[in-house]
Every structure is written in C-alpha cells, then in structure tokens.
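User: Please take a close look at one part of this model, the interface between the two chains, and describe what is found there.

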Amino acid sequence: MDTEGRIWRRARGVLPLAAPVVFGALAEVEERTMALEARAFSAPGRQTLLRVPADRPVHRAIRWAAVLALVAIVVLRATGRLG
Amino acid sequence: MAIELSAVRYRYAGASAAALVSIELRLEPGRVVGVAGADESGKSTLCLVVAGLAPGVIGGRLEGSVRIDGVETTATRPHELAQHCGLLFQNAATQLSNTTATVFEEVAFGPCNLGLPVAEVVGRVWWALGAVGIESLAPRDPTRLSGGQGQLVALASVLALRPRYLVLDEPTSELDPAGTRLVAAALARIARETGAGILLVEHKTDVLAQIADEVVVLERGAVALSGPAATVLADPRLVELGVEPPAEVRLARAVRASGLEWSAALAEAIE
C-alpha cells in the first residue's frame with residue numbers, strides 16, 4: 001500500500017483494501033450479533049449490575065457542579081463575556 | 001423432552017436454493033449427536049435453525065417444525081430460547097461481549113442480561129467455570145487468552161444460562177491439537193456431568209468418535225447418513241461424502257489392507 005505522496009495517490013492505494021475490510025467487519029458484526037443474542041442480549045427489563053459504584057453526596061454534588069459549570073460556560077460564551 | 005426437527009426446510013433470505021431440506025433430527029438431554037459433512041453441506045445452517053436464530057434473528061424462510069421441549073422455536077423470542085438452547089460458534093474472539101474486564105464478568109454477561117439476583121449470577125458463573133474446568137481463569141482479561149482458553153470461556157458463558165441443550169458449531173476448528181484436547185475434554189465432562197443434550201458439528205471426527213453417541217452426516221443440506229457414532233464413522237461412504245474417518249478407522253483399514261487382523265485389543269494397545 002502506498003502511504004506516501006499526494007493524497008489522491010494514497011487514496012488509490014487504500015481503495016482496494018476498503019471492500020475486504022468493510023465486508024470482513026460486517027461478517028464479524030453478524031457473528032457477534034448472533035453470539036450476543038445467544039446470551040440473552042435482547043432480554044427485556046433491567047440488567048443485573050455486578051459492581052454498583054458508590055454514589056456519595058459529594059459525588060452527586062460534583063456531578064451537579066459540572067452540569068452547572070457547563071451551562072454557565074455556554075451562557076458566558078454566548079453572551080460574549082468569556083472572550 | 002427433546003429438540004425435534006421434523007421435515008425441516010430452510011432457505012436464507014435472498015437465496016434461490018434451500019440450505020436445508022427434509023431434515024429429521026432428535027436430540028435428547030444427556031445425549032451427544034455429532035454432525036459432520038463437507039463444506040457448504042448445511043452444518044452451520046443446521047446449528048442456527050436448531051438454536052432458533054434462523055429465521056428468528058437472521059430471517060429467511062423455515063418450513064417444517066423445530067421444537068425445543070415441545071415449543072416451536074418460531075414462537076419463542078431469542079432471549080427465551082437462549083435459556084433452553086445455548087449456541088457456540090467457531091471463533092472465540094467474536095463471541096466475547098468486549099464489555100468486560102475479566103473472565104468472571106464475561107461469563108456473567110448472559111445471566112446479568114436476564115436480570116437475575118447477584119447471588120444467583122455469582123453462583124451460576126462459578127458453576128459454569130467449574131463445569132468447563134477454568135476457575136483459575138476467572139480474574140484474567142478475556143481478550144488476552146489463547147484460542148483454546150477463549151473457546152472454553154465462550155462455552156462457560158453459554159453454560160451460565162443453564163440451557164438444557166447445547167449447539168456447538170465447530171468449536172475446535174480454529175484450535176491447535178492442545179486446544180482441541182482441552183475443549184473435547186470439557187465437552188465430554190459437560191455431557192457426562194450436566195446431562196445437557198449436545199449437538200456437535202465437527203470436522204475432526206476423532207472428537208466425534210470420542211464423545212458422540214450418534215452421528216449425522218449432511219450432504220447438500222440433507223441427511224445422507226445417520227445412526228450410532230461407531231457405525232456411521234466406520235461407514236465406507238464417509239469419504240465420498242467429504243468426511244475423513246477417525247484415525248482409528250483409517251488405521252484399522254490400513255492394517256486389514258496389509259493382510260493383518262485388526263482387533264479391539266490392538267486398538268486399545270495403540271491408544
């Protein structure tokens with residue numbers, strides 16, 4: 001595969017590889033889909049969580065602070081106060 | 001209690017010819033039925049049909065009847081079928097969920113999808129790892145295993161759903177002799193200890209000779225030979241059907257061809 005030179009030259013080198021790569025990926029996706037279906041992937045309802053992460057008040061406060069900070073930055077930026 | 005296929009004919013979506021025709025098959029719990037045949041004879045399609053993924057997930061047209069313990073697969077949803085009939089493919093890598101950090105979590109993936117209580121999930125995972133004999137792999141990264149180990153993890157992942165039947169599509173085809181021995185030994189143990197009915201598609205007839213009770217040989221989507229494993233695997237028509245007989249059968253023929261007498265004692269001594 002030609003990896004040097006002008007962009008059209010590199011594209012010409014990549015194109016022949018595109019079909020086998022794409023078709024191979026699609027075939028793999030099909031088999032993985034069936035394998036996951038065979039392991040009840042599409043079962044309705046809530047899944048079991050083996051590890052439930054701790055969620056203390058300080059964690060919740062940080063999450064809310066991050067959301068508020070994001071909104072504040074967007075507003076400040078939109079109103080031109082952030083430069 | 002059994003998987004029963006009656007007058008089954010299946011055609012893939014968009015295909016002009018049927019991949020399976022006139023299939024009659026019965027698999028009871030505790031029995032191992034081997035399936036052999038040349039490439040394109042319909043073995044993998046049979047696996048998808050028996051497990052209900054064809055036409056349930058991949059489409060196509062199914063005629064006849066496929067029943068698991070008396071219930072038509074076409075009337076059952078895939079996640080419900082998964083709890084009755086587990087399916088294992090050839091390639092261990094494409095069977096991993098790619099969402100887990102350890103083998104333990106990978107095996108727990110199916111039971112977690114069912115929303116079972118954590119204690120039940122943990123119990124099933126240790127049972128499945130024990131049934132396959134890979135408890136020591138529990139903390140390992142599932143993407144960093146050998147082919148044989150990966151296939152055993154995939155097998156344990158299917159077993160954790162506690163299916164009454166297992167459908168295995170050439171589980172040793174991408175394994176070296178050591179990996180093949182690992183998987184074959186695990187299958188023999190599962191058949192013996194869990195009472196699961198196993199449909200085993202396998203090119204390696206030595207594996208079938210080792211663990212199958214009956215063998216079915218497919219040719220162009222139809223059953224060409226069927227019967228007790230020892231009888232079918234010694235059938236002279238096997239080669240014409242594109243299936244290599246087990247080593248013991250080939251050796252016995254070679255011994256007889258050279259004018260010597262083949263005996264069970266000789267076979268045992270060689271083994």
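Analyst: At the interface, 21 residues of chain A are in contact with 36 residues of chain B, contact meaning heavy atoms within 4.5 Å. This is a predicted model, in which local features need pLDDT of at least 70 and side-chain atom pairs count only at pLDDT 80 or more, while totals for chains, interfaces and linings use all residues. Residues are numbered from 1 along each chain as its sequence is written, chains are lettered from A and ligands numbered from 1 in the order in which they are written, and side-chain values use heavy atoms, with hydrogens and water left out.

The size of an interface is often given as the accessible area lost when the parts come together. Between chain A and chain B the buried area is about 2300 Å², with 62% of that from carbon and sulfur atoms; buried area is the accessible area (1.4 Å probe) that two parts lose on being put together, summed over both.

Two salt bridges are counted between chain A and chain B, a salt bridge being a side-chain nitrogen of Lys or Arg within 4 Å of a carboxyl oxygen of Asp or Glu. By class, the side of chain A that touches chain B has ten nonpolar, three polar and eight charged residues. Here Ala, Val, Leu, Ile, Met, Phe, Trp, Tyr, Cys and Pro count as nonpolar, Asp, Glu, Lys and Arg as charged, and the others, Gly among them, as polar.

A:Arg39 forms a salt bridge with B:Glu106, with 2.9 Å between the closest N and O atoms. A:Arg39 lies in the loop between H1 and H2 of chain A and B:Glu106 in helix H4 (residues 103–113) of chain B, so the pair joins two chains. Helices (H or I, at least four residues) and strands (E, at least two) are DSSP runs, numbered from the N terminus.

A:Ala40 is placed in the loop between helix H1 (7–37) and helix H2 (57–78) of chain A. Its phi is near 65 degrees, a positive value in a residue other than glycine. Most residues other than glycine have a negative phi.

Residues of both chains, including A:Glu37, A:Ala38, B:Leu53, B:Pro78 and B:Cys85, line the largest cavity. On a 1 Å grid over the protein atoms alone, a cavity is a set of points where a 1.4 Å probe fits but cannot get out, and lining residues have an atom within 4 Å of a point. The lining divides into eight nonpolar, one polar and one charged residue. Helix H3 (78–81) and strand S6 (85–88) of chain B each supply at least two of the lining residues.

Terms used. On a 1 Å grid over the protein atoms alone, a cavity is a set of points where a 1.4 Å probe fits but cannot get out, and a pocket is an open set with protein on both sides within 12 Å along at least five of seven lines; lining residues have an atom within 4 Å of a point.
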